[in-house]
Amino acid sequence: MAVLPSRAGAAQGATLSVKFTPERLGAPTTLSFGFAVAPGGAARNALTGVELSYPATLGISTSGLGLASCSPALLESGGPAACPANSHMGYGSALVEIPIGHELVGETATVALLAGPSPNTSLQLLVSVTGESPVAARIVLSAQLLPGRLDIRVPPVQILPEAPYVALVRLRATLGGRLKYYERVHGRTVAYRPRGIVLPTVCPRNGFRFAAALTFLDGSRSLARATVPCPRRG
Amino acid sequence: MNRSGGRRPTEKRCGSARGRATATTLIVASALAVVLAALTLAPGAAGARHARAARVLNVRDEGHLHSVGISGSRLTEEGPVSGTIPGRVRVFFAYNGSPTVAAQFTIYSRYGSISGRGQGRVSDPASPAPSFRGALSITGGSGRYAHARGSGELFGVFYRRRLGLTVQAIGKLNY
């Protein structure tokens with residue numbers, strides 16, 4: 001836990017980082033992304049949404065991730081461990097700022113990305129953010145996977161009545177990676193590692209371009225961009 | 001009863017006036033046929049393309065495909081196809097998180113190939129095997145199906161774990 005000084009509200013900048021591991025065209029990979037709000041009173045102007053744009057040629061829908069879905073209620077009450085193994089899509093960490101008295105207290109939380117129920121024709125994701133200390137709490141964010149875009153909605157959360165909102169100031173997550181799925185083969189349950197996101201065999205001109213558009217409570221927006229240069233062919 | 005058919009009586013009539021007229025008609029008809037054939041075979045002959053009679057076929061084919069290649073959100077699928085036009089099919093299938101999937105296909109049959117494309121709307125993307133339904137159009141082909149055109153409906157199931165595909169095409173084929 002880190003105690004951060006209180007900050008005055010101001011226009012907020014943002015940063016975005018993206019990484020493929022491994023970086024081989026045509027090969028399965030993990031997609032790690034992170035966005036952060038630059039210092040500037042995040043708690044007074046909490047983050048309400050993030051639109052993460054990615055190249056639509058990335059094989060997220062063909063990754064084999066999220067073969068089962070977890071209900072938001074189950075995730076909120078029991079945490080990611082209560083959800084089906086085949087609904088887990090990724091993991092990560094987050095930093096939230098919690099206003100306690102006149103101070104902003106920073107709390108590191110664990111993040112899990114899961115597939116949620118998809119009532120319409122696009123895949124819904126759930127982002128579980130779980131903090132232990134100083135405040136034990138879990139926030140479940142909903143996200144929608146659209147062609148070339150992941151829309152994450154951040155609900156306003158208060159720890160105490162009439163207190164400022166808790167602010168998500170940094171989130172790092174990896175789609176794919178160390179996940180264990182299960183399937184039935186000849187009547188037996190067999191564990192396997194999901195394939196993960198497959199990179200296209202052809203790199204887009206000027207590399208894989210990503211962008212994060214962050215929306216804040218007062219309606220202001222910040223845009224951050226990142227590019228992964230063309231990796232070598234696998 | 002003469003079991004040799006109508007040849008002998010015709011040969012007998014050749015000697016008569018009526019027989020001579022028939023023979024003349026046959027010769028003229030043969031000559032016309034030769035001329036017509038020559039015109040049809042001549043390169044660039046006008047109207048040569050219209051000589052072929054169009055055929056219409058109600059098609060109902062089903063294929064069980066497996067992935068032979070993947071490039072991001074684009075898959076290459078192959079497998080046997082059974083039904084009205086049996087053979088093998090190769091499908092380029094795109095599924096990028098959009099509510100619709102897109103496919104380009106070529107069916108390789110005994111008498112030639114049929115190419116087309118289709119689009120379908122996904123019903124339950126969170127399912128391990130989302131299904132889709134949409135329209136297809138046949139855009140061309142080779143061999144007997146060189147002039148193939150047509151349209152119809154496309155049904156399918158995409159198996160996300162193994163990237164397999166079951167597709168059913170129902171439509172009308174003109175060739």
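Predicted model: local features only at pLDDT ≥ 70, side-chain atom pairs only at ≥ 80, totals over all residues.
Chain B contains 2 helices and 8 strands. Read from the N terminus, its elements follow the order α-α-β-β-β-β-β-β-β-β. Of the 175 residues in chain B, 33% are buried.

The 8 strands of chain B close into a barrel with antiparallel pairing, in the order β1-β2-β3-β4-β5-β6-β7-β8. On average, neighbouring strands of this sheet are turned by 25° against each other, direction ignored. Strand β1 (residues 56-71) of chain B is joined to strand β8 (residues 164-174) of chain B by 10 bridges, and the two run antiparallel. Across from Gln168(B) in β8(B) stands Glu62(B). Strands of a sheet pair through backbone hydrogen bonds, either parallel or antiparallel.

Over all chains, the structure has 7 aromatic pairs. One of them joins Phe93(B) and Phe132(B), with 5.7 Å between the ring centres and 40° between the planes, a tilted arrangement. Phe93(B) belongs to strand β3 (residues 87-94) of chain B and Phe132(B) to strand β6 (residues 131-141) of chain B, so the pair ties together parts that are 39 residues apart in sequence. Phe93(B) and Phe132(B) are both buried. Together with Tyr95(B) and Phe158(B), these two residues form one aromatic cluster.

## Cavities

How many cavities of 30 Å³ or more does the structure hold? There are 7. The largest cavity has a volume of about 260 Å³. It is lined by 23 residues, and those closest to its centre are Asp61(B), Phe105(B), Ile107(B), Leu136(B) and Ala169(B).

Two or more lining residues of the largest cavity come from each of β1, β3, β4 (100-109), β6, β7 (149-159) and β8 of chain B. Which of these elements gives the most to the lining? β8(B) does, with 7 residues. This is the strand that pairs with β1 of chain B through 10 bridges. Rolling a probe the size of a water molecule over the atoms shows where empty space is left.

Leu145(A) stands opposite Leu150(A) of β10(A). β9(A) and β10(A) form a hairpin with 2 residues between them, and Gly148(A) in the turn has a positive phi of about 75°.

## Ala213 of chain A

Ala213(A) is placed in strand β15 (residues 208-216) of chain A. Is Ala213(A) buried or exposed? Its relative accessibility is 9%, and the limit for a buried residue is under 20%, so Ala213(A) counts as buried. The C-alpha atoms of Ala213(A) and Leu16(A) are 9.7 Å apart in space, while the two residues are 197 residues apart in sequence.

Definitions and conventions
Residues numbered from 1 in each chain as written. Chains lettered and ligands numbered in written order. Heavy atoms only, no water. Pairing = 2+ DSSP bridges. Helix = DSSP H or I, 4+ residues; strand = E, 2+ residues; numbered from the N terminus. Axes fitted to C-alpha atoms, helices over the stretch in contact; angles between N-to-C directions. Phe/Tyr/Trp six-rings, centres within 6.5 Å; stacked < 30°, edge-to-face > 60°. Buried < 20%, exposed > 50% of the residue type's maximum accessible area, 1.4 Å probe, protein only. 1 Å grid on protein atoms, 1.4 Å probe; cavity = no way out; pocket = protein on both sides within 12 Å on 5 of 7 lines; lining within 4 Å. Points joined across faces, edges and corners; volume = space filled by probe spheres on them.
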